[in-house]
Amino acid sequence: MKFIVGLLLSSVSAVMANPVPQPETTPAAVPVQRCVPNAVWLECGTACPPTCAEPNPENCTTQCVVGCQCVEGFVLNEVGLCVTLDQC
């Protein structure tokens, strides 16, 4: 039993002395987010983005939605592009 406890303690000590970098802290692990023109990547965007059909959405939930969203002055059209209202 003492042997197993000693082995576990030495393993834990070795891991703590030489930690492995975690993906979320490694710069190379950060994915590049690409959006269509006139859109930006948001970690906390709206759940009700403006669209051609509903340029001023009302009664929207307040949850965060991760992803691309149109920049101000643009709305999402039927094929997923960000366009001005006159282009709808």
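Guide: The chain has one helix and four strands, taken as DSSP runs numbered from the N terminus (helices H or I, at least four residues; strands E, at least two). This is a predicted model, where local features need pLDDT of at least 70, side-chain atom pairs count only at pLDDT 80 or more, and totals for chains, interfaces and linings use all residues. Residues are numbered from 1 along each chain as its sequence is written, and side-chain values use heavy atoms, with hydrogens and water left out.

Visitor: What pattern does the chain follow along the sequence?

Guide: It reads α-β-β-β-β.

Visitor: And what's the mean pLDDT of the chain?

Guide: The mean is 77, with 64% of residues at 70 or more; pLDDT is the predictor's confidence in each residue, from 0 to 100. Over residues 1–26 it is below 50, and beyond near neighbours in sequence that stretch has two contacts in the model (contact: heavy atoms within 4.5 Å).

Visitor: Switching topic: where does N77 sit?

Guide: N77 is in the loop between β3 (75–76) and β4 (82–83).

Visitor: Buried or exposed?

Guide: N77 counts as buried because its relative accessible area is 16%; buried means under 20%, exposed over 50%, partly exposed in between (1.4 Å probe, protein chains only). Across the chain, buried residues make up 11% of the 88.

Visitor: What is N77 in contact with, leaving aside neighbours within four places in sequence?

Guide: C52 and V83.

Visitor: And which backbone nitrogen does its side chain reach?

Guide: The one of V79, at 3.1 Å from the N77 side chain.

Note on methods
A polar contact is a pair of N or O atoms within 3.5 Å; within protein, one must be able to donate a hydrogen and the other to accept it, and residues adjacent in sequence count only if both atoms are side-chain atoms.
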